[in-house]
Amino acid sequence: MQKKFEIKDLITVGVFTALYFVLTFIVACLGFIPIFMAIMPLIAPILVGIPLMLYFSKVKHFGMVLITSVIIAILMFVTGHPYPIFIFCIGAGLLTELVLFLGKYESIKACVIGSSTFSLWILGMTIAFFFSFRESYFASLVDGYGQEYVDKMMSYTPTWMFFAMIAMCLVGGLLGGLLGAGVLKKHFKKAGMV
Amino acid sequence: MDIGLQLTTEKTGLKIDPRTKIMILITVGIIMMSGKLTGVEYILRIICTFVPFVLLLSVRQFKSAFGYLFILLCVELCEGFIVPKTQGVLNLVIMIICGIISRFGPSYLCGWYVVKSTSVSEFVTAMDKMYFPKVITIPMSVMFRYFPTLKEEYSSIHDAMKMRGIGKTVKNPFVYIEYILVPIMMSTVQIANDLSAASLTKGLGAHKKRTHICDVRMKVFDVMLIVVLIAMLVIFFIF
Amino acid sequence: MIEFKDVTFKYNITDAEGNKKDAVGVKDLNLKINDGEFVVLTGFSGCGKTTIIRLLNGLIPKFYNGELTGEIYIDGKNTMDMTIYDVSEKVGSVFQNPRSQFFNVNTTDEIAFSAENQCIDPEIIKSKIIDTAYSMHIKSLLDRNIFDLSGGEKQMVACAGIDVLSPTIIVLDEPSSNLDHRAIRRLKNILEEWKKQGKTIVIAEHRLFFLKDLADRMIVMEKGEIIKDLNKEEISLLKYKECEDLGLRALSLEDVPIENDSGSKQNYPNDRLEFKDFFFSYKDKKHSVSVPDLSVPCNDVIAIIGHNGAGKSTLVRNICGLEKRNKGSIVYKGKKLSNSERLRNCYMIMQDVNHQLFTESVLDEVMLSMTDRKTDKEEKEAKAKEILDKLSLSDYCDVHPMALSGGQKQRTAIASGIVSGKPIIIFDEPTSGLDLNHMYRVADLIKELKRIGKTVLIITHDYEFILKCCDYVIHMDNGVVTDSYRIDNTSIDRLKKFIEI
């Protein structure tokens with residue numbers, strides 16, 4: 001297990017982050033249609049899980065996944081997502097690093113779970129919508145429906161939705177990871193590239 | 001030697017240091033995200049809403065600037081007239097869309113401005129000057145360089161699929177995705193390899209700080225802008 | 001001065017089952033290269049010339065894993081004591097594939113890259129870039145998006161980057177592989193200039209004709225060992241036959257004989273491929289192809305030649321049916337083909353074969369092209385195996401296509417093409433980077449395709465290859481067909497004029 005970052009590692013981080021980002025972006029664009037927006041946290045990780053697994057198979061030491069999550073956070077921020085995205089990205093990145101570390105960078109199971117935890121950064125994109133939007137929406141409702149009703153609504157919606165989204169990310173990531181593991185075995189192992 | 005030759009064309013329009021642009025993004029993001037609809041904060045929000053419009057005009061992106069203005073206008077009209085007249089689910093959906101656009105639109109458009117007005121080398125040079133560690137700047141450079149390659153690879157693979165008649169005879173969407181993704185992933189691995197080898201022979205990876213021919217400097221205008229932005233934030237937090 | 005002392009290197013390769021395979025790079029190599037010498041390394045693919053290049057620029061052993069014994073000295077210093085970074089200050093490298101050797105998107109940034117990495121003062125770098133732009137005549141290539149450039153232009157940018165850094169040793173690994181003759185001429189000029197500046201140049205190459213005047217020494221290798229070390233006089237005395245015996249491509253294109261099959265009897269001499277008022281233009285309106293009137297024989301092997309950017313790929317994409325917005329007609333054997341019919345009738349072997357291999361075994365890959373629902377699976381399998389046998393791929397039926405060598409991948413793609421039953425087969429630069437024997441193999445395959453009745457179109461820059469298997473030439477320039485003729489002893493001069501011999 002190498003401790004130092006070689007140029008090869010950094011370039012691997014760069015190209016795979018690029019691929020991951022492009023695929024996520026394509027799915028996210030679909031997410032602008034309100035119907036899809038709700039299940040996007042489930043679909044996106046399934047698709048991007050495939051290259052993510054290939055990427056994880058090339059990760060042999062601490063830090064590469066973290067860099068990927070930081071870069072994604074920077075990209076998201078520069079394209080206009082507000083600052084909570086950093087917290088979610090880095091959090092998901094660190095969690096995934098832990099998972100991969102526990103698998104000693106050789107276990108496929110750890111990679112699949114890692115795919116699941118890594119997907120949690122998507123929460124950062126949608127959570128901002130929910131929290132800040134809620135405030136102003138309900139503020140405008142107060143006049144029409146009364147404070148009591150609004151309080152009830154506020155307490156009711158978020159927790160349920162929040163957990164639903166976490167679940168979607170995790171499940172989507174898990175499915176994506178399993179798909180990715182299948183593709184790795186079928187193609188990459190056979191071609192001798194893993 | 002007469003330097004009648006420009007090495008890099010100056011981007012048309014107003015040039016702002018990338019670091020100032022980041023400050024703009026931070027400021028607009030904070031104000032738009034948690035600003036309420038009343039009082040001083042409301043005024044700041046209105047200012048922020050027009051910031052991207054001005055910025056886009058400053059770099060001659062007229063289509064985006066006026067397109068943005070147009071959408072904003074539509075949203076305002078929606079919120080004012082259509083919403084009170086609708087009920088139930090339709091009401092909810094329209095409110096959500098309008099709310100998202102009016103609250104997050106300015107941030108996104110500022111982001112669009114940054115992307116359109118900054119070249120890759122300016123961005124990377126600025127990051128280096130901000131003392132971002134190499135482990136972040138190098139992957140980011142590679143990433144920007146790989147985006148166009150990805151596009152080319154995809155085009156080529158798509159052509160091959162058309163030519164071989166795959167895609168029309170395949171009913172299963174997963175298999176279709178496999179046909180596209182697997183060659184792309186393989187070429188990603190190969191390019192990572194080739195690129196690493198080539199970059200190493202060109203001296204990438206020194207422990208000393210490398211130089212840049214791209215000129216990124218804070219000018220008086222940048223400093224003024226930053227002062228204004230900080231003032232906006234201060235006002236925002238006090239009131 | 002460069003010195004190799006008893007150098008042996010074995011690559012560590014693991015195959016699909018995880019077993020370690022040893023591949024010898026070089027064996028007991030002893031070699032001295034003096035300052036300012038221009039050395040050409042050549043030989044079959046896998047002979048060890050690329051290994052020597054990698055030993056010189058430090059990629060072995062730091063990047064390519066393996067066992068290295070012996071010592072290498074550059075200007076008296078042992079390379080084992082140097083990092084790749086230190087070596088990169090003294091040795092500049094130009095690689096075969098322009099696509100994956102540049103780090104930046106903007107040409108000026110790429111040219112400055114090596115110098116920036118060596119921490120040279122930006123003002124000095126800028127003035128050097130201007131000097132290089134004038135001396136290499138590449139002002140028009142500055143500040144452009146690298147992805148918009150042709151292969152030849154990309155190689156110019158790579159060379160410019162080295163020119164700015166100006167190291168004492170320059171190594172090149174098959175730099176001419178993807179280049180047309182005009183670009184090769186420009187490369188030759190740059191090499192001449194560097195030689196005049198006293199640089200030590202080591203170049204590994206298959207295409208030797210442009211190096212004949214420049215080489216001080218030519219080293220022929222086989223299986224990791226040097227079998228011939230020729231000096232300038234001996235090089236000039238080499239005849240065509242001797243080159244062929246050594247497995248080398250011609251040193252002088254004048255000498256290459258015509259060895260195609262155009263004398264043989266044609267089955268259907270009147271079948272033609274015709275273009276009438278054909279026009280296509282890309283969205284930017286800058287690049288277009290216009291063929292008002294052209295008729296070529298279907299049973300000939302047709303070479304499409306022209307400089308980079310002449311429109312060859314565009315024309316071929318239209319013939320294939322990959323581009324839709326075209327006007328006019330393409331008529332094949334008397335039948336006009338619509339765009340979708342063109343797709344059904346053409347099979348293209350792409351320049352990058354990796355883009356058209358989709359499955360996990362060679363057999364599946366070939367069967368993928370068998371879209372006829374009438375035959376059942378067993379019949380399909382039998383037919384596929386028959387074709388694979390003819391192409392010497394029977395042992396590889398279960399191997400993943402990506403684990404094959406370049407030539408085997410190409411043959412897999414050809415097999416898929418044959419079983420698809422499509423009558424028109426198009427090749428895009430099939431001999432890039434191939435040594436003499438592999439080039440002959442491809443030529444034989446193409447003659448075989450002609451024999452079974454396929455119409456074969458080939459985009460190529462390879463003069464020797466054209467003379468080996470092509471019967472007819474279409475010459476393009478600026479999107480227009482400027483000439484078309486059968487190759488024989490009278491018309492050969494027109495071909496030679498194009499190659500600028």
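This is a predicted model: local features need pLDDT of at least 70, side-chain atom pairs count only at pLDDT 80 or more; totals for chains, interfaces and linings use all residues.
**View 1. Chain A is built from helices.** The secondary structure of chain A amounts to 7 helices and 0 strands. In sequence order, its pattern reads α-α-α-α-α-α-α. Chain A has 194 residues, of which 48% count as buried. Of the contacts within chain A between residues at least 6 apart in sequence, 76% link residues at least 24 apart.

**View 2. Chain A meets chain B.** Here 37 residues of chain A are in contact with 43 residues of chain B. On the chain A side, at least two residues each come from helix 1 (7-30), helix 2 (34-58), helix 3 (64-78), helix 6 (122-145) and helix 7 (147-191). Helix 1 of chain A gives the largest share of this side, with 13 residues. By class, the side of chain A that touches chain B holds 28 nonpolar, 8 polar and 1 charged residues.

**View 3. Chain B is also described by helices.** Chain B contains 8 helices and 0 strands, and the pattern along its sequence is α-α-α-α-α-α-α-α. Buried residues account for 34% of its 239 residues. Among the contacts in chain B between residues at least 6 apart in sequence, 70% connect residues at least 24 apart.

View 4. A kink of about 30° is located at Tyr146(B), shortly before the proline Pro148(B). After the helix comes Gly165(B), with a positive phi near 75°.

**View 5. Chain C meets chain B.** In this interface 53 residues of chain C are in contact with 45 residues of chain B. The elements of chain C that contribute two or more residues to its side are helix 3 (84-90), helix 4 (107-117), helix 5 (122-135) and strand 16 (346-349). The side of chain C that touches chain B comprises 27 nonpolar, 18 polar and 8 charged residues.

**View 6. Strand 18 of chain C lies between buried faces.** Strand 18 spans residues 455-459 of chain C; 5 of its 5 residues are buried, so the strand is largely enclosed by the rest of the structure. In a regular strand the side chains alternate between the two faces of the sheet. Which residues of strand 18 of chain C are on each side? Thr455(C), Leu457(C) and Ile459(C) are on one side, Val456(C) and Ile458(C) are on the other, and all are buried.

**View 7. Strand 18 of chain C pairs with strands 13 and 17.** Strand 13 (residues 301-305) of chain C runs parallel to strand 18 of chain C, and 4 bridges join them. Within this pairing, Ile304(C) has Ile459(C) as its bridge partner. Strand 17 (residues 424-428) of chain C pairs with strand 18 of chain C in the parallel sense as well, over 5 bridges. Ile459(C) in strand 18 is the bridge partner of Asp428(C). From strand 17 of chain C the chain passes through helix 15 (residues 436-451) of chain C to strand 18 of chain C, a right-handed β-α-β crossover.

View 8. Strand 11 (residues 272-281) and strand 12 (residues 288-297) of chain C run antiparallel and are joined by 9 bridges. Phe275(C) has its bridge partner, Leu294(C), in strand 12 of chain C. The two strands form a hairpin with 6 residues between them, and Lys285(C) in the turn has a positive phi of about 60°. Strand 11 of chain C also pairs with strand 14 (residues 326-332) of chain C, in the antiparallel sense and over 6 bridges. Phe279(C) stands opposite Lys327(C) in strand 14 of chain C.

**View 9. Val40(C) is shown with its surroundings.** Val40(C) belongs to strand 3 (residues 38-43) of chain C. Is Val40(C) buried or exposed? It counts as buried because it has 24 C-beta neighbours inside 10 Å, where 20 or more are needed. Beyond its neighbours within four places in sequence, Val40(C) is in contact with Ile203(C), Glu205(C), Leu208(C), Leu211(C), Ala215(C) and Met218(C). Val40(C) and Arg217(C), 177 residues apart in sequence, have C-alpha atoms 6.2 Å apart in space.

Terms used:
Residues are numbered from 1 along each chain as its sequence is written. Chains are lettered from A and ligands numbered from 1 in the order in which they are written. A residue is buried if 20 or more other C-beta atoms lie within 10 Å of its own, exposed if 12 or fewer, and partly exposed in between; C-beta atoms are placed from the backbone. Two strands pair if DSSP finds at least two bridges between them. A crossover is right-handed if, with the strands pointing away from the viewer, the path from the first strand over the helix to the second runs clockwise. Two residues are in contact if their C-beta atoms, placed from the backbone, lie within 7 Å. Ala, Val, Leu, Ile, Met, Phe, Trp, Tyr, Cys and Pro count as nonpolar, Asp, Glu, Lys and Arg as charged, and the others, Gly among them, as polar. The bend at a residue is the angle between axes fitted to the seven residues ending there and the seven starting there.
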